[in-house]
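Subject: Handover of a structure, with findings

Dear colleague,

Please find below the structure that I am passing on to you.

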Amino acid sequence: MRTSEAIQQFIAARMSAGAAGNTIAAYRYDLDLLARATGDRSVAEITPGDISAFLTAASAPATRKRRLTSIRALFRWSLAEGHVQTDPSAAFTQVRFEQSPSVHLSEDEEIALVFASANDAAWSELAIHLMLHYGLTRNDLLLLRPGDIRETAAGTAIQIVDDARPLSPVNRTLSVSPYLLDLYSAYRERVPAGERIFTIGPPAINGMVDRVRRRAGIPHKISPRTLRDTCTINLAINGLGATEILAYLGMVDESRNRQTMQRLIDRYVLFQDSPSRAN
């Protein structure tokens, strides 16, 4: 079986199993690259050397980690289905990352980023606002459907729903400023209607954030998570505690979420107080 055919069947199996949309998109992106890099020969002919070369071609450690995760999932499925006799990815050790202090954009950087996003792709400005001011993740953006940003009796709301996982804590509703509805309405006037508000994939969001960062003149690397962390830290700077931040983000107020939020706040405080930051 050719690698591309195995990938199609693997993706179909993961979709039937209810895998999240962003997971499916990541699998498809990484594995299509693998098929091209190996000449789309039989999946049983892919060797550890092929995988090593494919991983080495990725410059960022996080990209290598994601690629290996996708490859491992494909070959676990292929082994179970009898398409391969051995797993060529089995010998590879997953990369582990030390948790680094949160990167928090300064006020000037935030303003520059927002202005730069208005001069980028049609969807960039709305996406930047949602991540930077309301803490949406990359996956949250990809779940949004037309009508999920709407006016309610109480004001303006964002509803995030993962249809494949109805009990997921990702599913939540946020109360937001009315200006966001105006921004969304202007965006809808410029782009054709689709099943989703953002008809893109995860890599496009990463690329957009980096592109807008460069337009804004921000010298250091940032990611969608940087924007979410900036939103959280700004709320903490304005006096909100972990419980209040969870309420603002529409997240469940439970012990695990509170601990995660508090660790983020504490890392930021330590980062601000470090000697290297003071110099």
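Confidence. Please bear in mind that this is a predicted model. The mean pLDDT of the chain is 85, and 91% of the residues score at least 70. Among the elements of the chain, α6 has the highest mean pLDDT, 95, whereas helix α13 (residues 275-278) has the lowest, 41. The pLDDT is below 50 over residues 96-102, a stretch that has 13 contacts in the model beyond near neighbours in sequence. Residues 273-279 also have a pLDDT below 50, and that stretch has two such contacts in the model.

Nonpolar cores. The largest nonpolar core holds 39 residues, of which Leu130 and Phe198 touch the most other members. Two or more residues of this core come from each of α5 (107-117), α6 (124-134), α7 (138-143), β2 (155-160), β3 (172-176), α8 (178-190) and α9 (202-215). Helix α6 gives the largest share, seven residues. Leaving aside residues up to four places away in sequence, Leu130 touches Gly135, Leu136, Leu141, Leu144, Ile149, Ile158, Leu180 and Phe198. Another core, of 24 residues, lies apart from this one and includes Val43, Ile46, Trp77 and Val84. As background, nonpolar side chains in soluble globular proteins tend to be buried together.

Helix α6. This helix is largely enclosed by the rest of the structure, because nine of its eleven residues are buried. The buried residues are Ser124, Leu126, Ala127, Ile128, His129, Leu130, Met131, Leu132 and Tyr134.

Second largest pocket. The volume of the second largest pocket is about 460 Å³. Its lining consists of 22 residues, and those nearest the centre are Gly21, Asn22, Leu142, Leu143 and Arg196. The elements that give two or more residues to this lining are α2 (21-37) and α7, with α2 supplying the largest share, five residues.

Individual residues. Ser78 is part of helix α4 (residues 61-81). Ser78 counts as buried because its relative accessibility is 0%, and the cut-off for buried is under 20%. Not counting residues up to four places away in sequence, Ser78 touches Val43, His83 and Val84; Val43 and Val84 are among the members of the 24-residue core. Ser78 and Gln8 are 70 residues apart along the chain, and their C-alpha atoms are separated by 12 Å.

Asp32 belongs to helix α2. With a relative accessibility of 32%, Asp32 counts as partly exposed, because that class lies between the 20% and 50% cut-offs. The C-alpha atoms of Asp32 and Gly18 are separated by 21 Å, the two residues being 14 apart along the chain. Asp40 is located in the loop between α2 and α3 (48-56). The phi of Asp40 is near 50°, a positive value in a residue other than glycine.

Yours sincerely,
A colleague

Key
Residues numbered from 1 in each chain as written. Predicted model: local features only at pLDDT ≥ 70, side-chain atom pairs only at ≥ 80, totals over all residues. Heavy atoms only, no water. Core = buried A, V, L, I, M, F, W, Y, C linked by side-chain atoms within 4.5 Å. Buried < 20%, exposed > 50% of the residue type's maximum accessible area, 1.4 Å probe, protein only. Helix = DSSP H or I, 4+ residues; strand = E, 2+ residues; numbered from the N terminus. Contact = heavy atoms within 4.5 Å. pLDDT = per-residue confidence, 0-100. 1 Å grid on protein atoms, 1.4 Å probe; cavity = no way out; pocket = protein on both sides within 12 Å on 5 of 7 lines; lining within 4 Å. Points joined across faces, edges and corners; volume = space filled by probe spheres on them.
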